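Please consult the sequence and structure shown below while reading.

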Amino acid sequence: MRKEWLIGLFLFINKCIFFIFNMFPLKRKIVFLCDFGDNARFVVNELTRRDFKDVVVLRTSKCKESFIRSNVDTVLSFKIRNLFDYVKGLYHLATAETVLVDNYFAILSVMNFRPNVECIQLWHAAGAVKKFGMQDPSVLFRSPRAIKRFKRVYSQMNKVVVGSDEMVPIFKAAFDMQDQQILRTGIPRTDFFYDEDAVEAARREMLTKYPMLNGKKVILYAPTFRDQQLDAQSIPLNFEDIIEQLGENYIMMIKLHPAVAHNLGNFSHPLIVSVENDVPINKLLCVTDYVISDYSSIPFEFSLLGKPQIFYPYDIEKYEMERGFWTDYSKLVPGPVVSTDDELVFVLKKDEFDMEQVKTFADTWNMFSDGNASSKLVDYLLKDLRGE
């Protein structure tokens, strides 16, 4: 009850400030509100490549992207403790003709955008395993006031960007959207995987940062977050035993979800690398031979590289009950599903994977992500701003 009251007070203050700024004239600018920022960076880079200058980026405390190399004049820290920048951010949100967001933001519930303003959801995941939005089972346990707020946030989104038709019914159910609200332009950050020079540069950068990877078969363990473990994640895998069984030809990198505040810390074993939170996952994928995941969206993008994947959902019954899946888990994932450390070692040593399954998965979930996703979305944005 107290938490809801504090949220309500915070939103009311935002509503009052936004109301004042809403009286100012609209400007033909594009504002990005980012919790993640990777998709936004690709769109911003394409906008600046076309000499569109009226871009504002608002970075929350979660956002790891700096936008330093994006040639953007206005990048603000959208954190309440940076009050001046925060208020300036509200001004930009109230006076922009186009707003792009990459996550759920409660403040959208109190932003009464004017009729000719378009708010586009640039969702942070290329695909979906676990349920979210109004289909998240935890919504059933929230207060009527909270549910009303959720619906208000989703109603503010005029469009959503998708990478495949597979995501259309998911977004329609999660955000209560209609067919005409779907932008089939592809996921901007997947353009990276079609740029051979960028991929090679990322590979060299990661090998320089982690020289111990050279000459090894690189395994990346990248699980999703658990709602009750956002400060530090507890993982029941015995990494030292796994790598000892695999032998010295292998090395394992461990990269937790950006939502988790702390990584697992350093391991004493020379063949285990705990990756810092701010290292971009797509760069790590360029030096990865095998991905091990559970309910993460990483497999949807890693499939573009055509490499093996293994799935280790060690808490699948509990997770399905708490979060729910959009479809049958075992039929969705493009690789073997294991339930013990020994099974994982066996699958890696056997090294026999159905790569046609991976290709089919990649083609299905990335059908619009063809290397030109950023360009297609910017075509839409600039056409809309010109009023065509």
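How many salt bridges does a search of the whole structure find? The search finds 21 salt bridges, where a salt bridge is a side-chain nitrogen of Lys or Arg within 4 Å of a carboxyl oxygen of Asp or Glu. The model is predicted, and local features therefore need pLDDT of at least 70, side-chain atom pairs count only at pLDDT 80 or more, and totals for chains, interfaces and linings use all residues. Residues are numbered from 1 along each chain as its sequence is written, and side-chain values use heavy atoms, with hydrogens and water left out.

**Salt bridges**

| D38 | R189 | 3.3 Å |

The salt bridge of D38 with R189 ties together parts that are 151 residues apart in sequence, because D38 lies in helix 2 (residues 38–49) and R189 in the loop between strand 7 (182–183) and helix 6 (196–209). Helices (H or I, at least four residues) and strands (E, at least two) are DSSP runs, numbered from the N terminus. R189 has 5% relative accessibility and therefore counts as buried. The accessibility classes are buried (under 20% relative accessible area), exposed (over 50%) and partly exposed (in between), with a 1.4 Å probe and protein chains only.

Grid points are joined across faces, edges and corners, and a volume is the space filled by probe spheres set on the points.

Which residues line the second largest pocket? Its lining consists of E4, I7, G8, L11, F12, S109, V110, R145, K148, R149 and R152. Helix 1 (2–21) and helix 4 are the elements that give two or more residues to this lining, and helix 1 gives the most, with five residues. By class, the lining has four nonpolar, two polar and five charged residues. In this scheme Ala, Val, Leu, Ile, Met, Phe, Trp, Tyr, Cys and Pro count as nonpolar, Asp, Glu, Lys and Arg as charged, and the others, Gly among them, as polar.

F12, one of these lining residues, also belongs to a nonpolar surface patch with W5, L6, L9 and I13, which together have about 510 Å² of accessible area. Such a patch joins nonpolar side chains (Val, Leu, Ile, Met, Phe, Trp, Tyr) within 5 Å, from residues with over 30% relative accessible area and no salt bridge. Accessible areas come from the Shrake-Rupley method with a 1.4 Å probe. W5 is placed in helix 1 and is exposed, with a relative accessible area of 53%.

K148, another lining residue, is placed in helix 4 and is exposed at 65% relative accessible area. Its C-alpha atom is separated by 54 Å from that of N249, 101 residues apart along the chain.

**Positive phi values**

D51 is a residue other than glycine with a positive phi, near 65 degrees. It is found in the loop between helix 2 and strand 2 (55–59) and is exposed, with a relative accessible area of 57%. F67, likewise not a glycine, has a positive phi of about 65 degrees. F67 is placed in the loop between strand 2 and strand 3 (74–77) and is buried, with a relative accessible area of 3%.

**The cavity**

The count comes to one cavity of 30 Å³ or more, and about 30 Å³ of space lies in the largest cavity. This cavity is lined by V129, S296, P299, F300, F311, L332, V333, P334 and F361. Its lining divides into eight nonpolar residues, one polar and no charged.

How values were computed
1 Å grid on protein atoms, 1.4 Å probe; cavity = no way out; pocket = protein on both sides within 12 Å on 5 of 7 lines; lining within 4 Å. Patch = residues over 30% accessible without salt bridge, like charges linked within 9 Å, V, L, I, M, F, W, Y side chains within 5 Å.
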